[in-house]
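The following exercises are meant to be worked through with the sequence and the model side by side. Try each task before reading its solution.

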Amino acid sequence: MIVAMSRKICVDLYNEIVSLRPEWHNEDKAKGKIKVVMTSDISKDPMEFKQHFTTKQEREELANRMKDDSDELEIVIVRDMWLTGFDVPSMHTMYIDKPMVGHNLMQAIARVNRVYKDKSGGLVVDYIGIGDALKKALRQYTANDQKTTGVDTEKAVALMIEHYEIVKEIFHHFDYSKYKSDSALERARIIIEGMDYILGFENDEPGIKKRFIDNVLALAKAHSLCITTRDGQALNEEISYFKAVKASVIKLETEDKDNPKKLTQAQINEKIASLMAKTIISEDVIDVYSELGLDNPDISILSDEFLKEVEKIKYKNLAVEMLRKLIEGKIKYSSRKNLVVAEKFSERLQKAMSSYRNKALTSLEIMEELIKMAKEFMETHKEGDSLGLTEDEVAFYDALTRDEKVKEMLGDDILVQITKELTETIKKSMTIDWYDKESVQAQMRRSIRRLLKKFGYPPEDTEDATELVLKQAKVMCEESNI
C-alpha cells in the first residue's frame, strides 16, 4: 500500500509505476495489479484524474479485492482511506508520504504489522519523517497496548542475530573493519573488496552469493523491526556494510543499459522514492566503475582503452564479473538484432565461464579470454561496414554464412547480392502477425528457396538456411514492431 498526501501524487505515482510495468494497468476496475483508491473533487481535479475516480461501491469492491489473497491486485495507492479499521493481515509493505499523528498513525502502522502465515512483521517505508510523531503516539499507549500494536521485538532480535551470524560466517576470512573509517574513499574501497570477496567465494562455492544476498535481506528486515533496541543499535554499522555490499553486488548483477525497461523491484522502489522526494534511510550503492577509476562504460562500445583499464584492476573476481555482465548484456542486445552472432558468442561465453568455475582456467586466463571475446564481438560489427551491408542485411548475411564452407563456395560478392535481394524480398512480404500465418510463411519459404537456388546456394544447406532466415526475419519484425 502507498499512502500519498495528495491526489496529484497518487496519479503521478500510478503513472510512474505503470510506465515501468505497463502490463499491470487495466482500465477495468475489477482487473489489474495496481489501483488508485481516492475520492474525487470534480470542481478542482483535472480530467487526467478521471480514470481514478471511484464510487463508494467501487471502493468497497477494491477493498474486497485487496483482502483476497488470491486476487491479482498487488499495489494500491490511497489517499484519506483504508488507514483505520481496514484489516488485511497479508499486507506487508506500506510507503508513507502523508503526515500522521497519534491514534491515526498507530492505526496506519497496524495495517501492515499483523502476523500472517510465514509473515512475522511488516515494513513501513517512511518518506516524510514520522519518527518523532511515532514516539509521541507510543507514549499515549499502555505497555500492553504498545506490545499488541507493535511487533515482538524479542523475536525480531533473535531473528536478526540468527541471520547476522550466518552472514558473519560467510565473511569469516575477510576483514571489513576499515568500513568504520571516517574516509569515504576507504569505506568505498572496502565495499568493493567485499564484492570481490563474495564473487571469488561464489567461484569456489557456487550458491554462496545467493545465500549471502538472501540472508542480508532477511537480516535487514529483522533489523528494521528492532533498530531502536540496544542489540539493533550495536549492529548498525556492520549491517550497513553487509547491505552496501549486497546492494552493489545486485547492482552489478542487474546492470543492463541496453534493456532499460526490465527493471528490478529495487529500481522500481527507487523510482517511487524519487517522486516522494524524501527518505530517512539511505543504503550505500557503490558505483563500481567510478571507484575503480573507470569511465562508466557504454556497453555498445567495449573499446580497447576500456578493456586495457579492466586488465589492470587488482580485484580480479570483480573484473571477471564485470566483463561477463558487459559481454552478456551486449549478447542479449544482439539477440534482438542478429541471432547467429548472439548464439555464437553466448555458447562461447558459457563454455569459458564453465571452464573458469571448474578451475580449468585461472582468473588471469579467463580475463584474457573475456577481453579477447569482447574485441572479437566488436569486430563482427565492422564486417558489415566493409561489405556495404546495413544492420538488417548483416543479420541475414550471417544466417546464410553460419556454415563457413558456404563462404568458400560462393564468395562474398555473390553472398552480398543474395543478402540484399533476400532482405528486400522479406521486407516486402512482412505484414502484422505474419509469423503466425502459415500461408504467409509458406510463401516466404518458397521465395527464399527460389532466391537461393537462383544463385546456386548449396542444396544440402538450403533448408537449414531457410528456417534460420525465417527466424531472423521474425526477430527483425519484432524489433521494428512491424
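**Exercise 1. Decide whether Lys359 is buried, exposed or partly exposed, and find where Lys359 lies.**

Solution. Begin with the location: Lys359 belongs to the loop between helix 15 (339–357) and helix 16 (363–387), where helices (H or I, at least four residues) and strands (E, at least two) are DSSP runs numbered from the N terminus. Next take the accessibility, for which buried means under 20% relative accessible area, exposed over 50%, and partly exposed in between, with a 1.4 Å probe and protein chains only. Lys359 has a relative accessible area of 49% and is therefore partly exposed. Finally look at the backbone, where phi of Lys359 is near 70°, a positive value in a residue other than glycine.

Before going on, note that this is a predicted model, in which local features need pLDDT of at least 70 and side-chain atom pairs count only at pLDDT 80 or more, while totals for chains, interfaces and linings use all residues. Residues are numbered from 1 along each chain as its sequence is written, and side-chain values use heavy atoms, with hydrogens and water left out.

**Exercise 2. Work out which residues of strand 3 point to each side, and which strands pair with strand 3.**

Solution. In a regular strand the side chains alternate between the two faces of the sheet. In strand 3 (residues 75–78), Ile75 and Ile77 lie on one side and Val76 and Val78 on the other, and all of these are buried, so that both faces are covered. For the pairing, two strands pair if DSSP finds at least two bridges between them. Strand 2 (residues 34–37) runs parallel to strand 3 and is joined to it by four bridges, with Val76 as the bridge partner of Lys35. Strand 1 also runs parallel to strand 3, with two bridges between them, and here Val3 stands opposite Val78.

**Exercise 3. Describe the two sides of strand 4 and its pairing with strand 1.**

Solution. Start with the side chains of strand 4 (residues 93–96): Thr93 and Tyr95 point one way, Met94 and Ile96 point the other way, and all are buried. Then turn to the partner, strand 1 (residues 2–3), which pairs with strand 4 in the parallel sense over two bridges. Within this pairing, Ile96 is the bridge partner of Val3.

**Exercise 4. Find how helix 7 and helix 8 cross, and which residues meet there.**

Solution. The axes are lines fitted to C-alpha atoms, for helices over the stretch in contact, and angles run from 0 to 180 degrees between N-to-C directions. The axes of helix 7 (residues 184–204) and helix 8 come within 7 Å and cross at roughly 130°. That makes helix 7 oblique to helix 8, because angles under 35 degrees count as roughly parallel, over 145 as roughly antiparallel, 65 to 115 as roughly perpendicular and the rest as oblique. Where the two helices meet, Ile198, Leu199, Phe201 and Glu202 of helix 7 are in contact (heavy atoms within 4.5 Å) with Ile208, Lys209, Lys210 and Phe212 of helix 8.

Further along helix 8 (residues 208–225) is His223, which is buried at 6% relative accessibility. Apart from its neighbours within four places in sequence, His223 is in contact with Met160, Gly232, Asn236 and Ile239.
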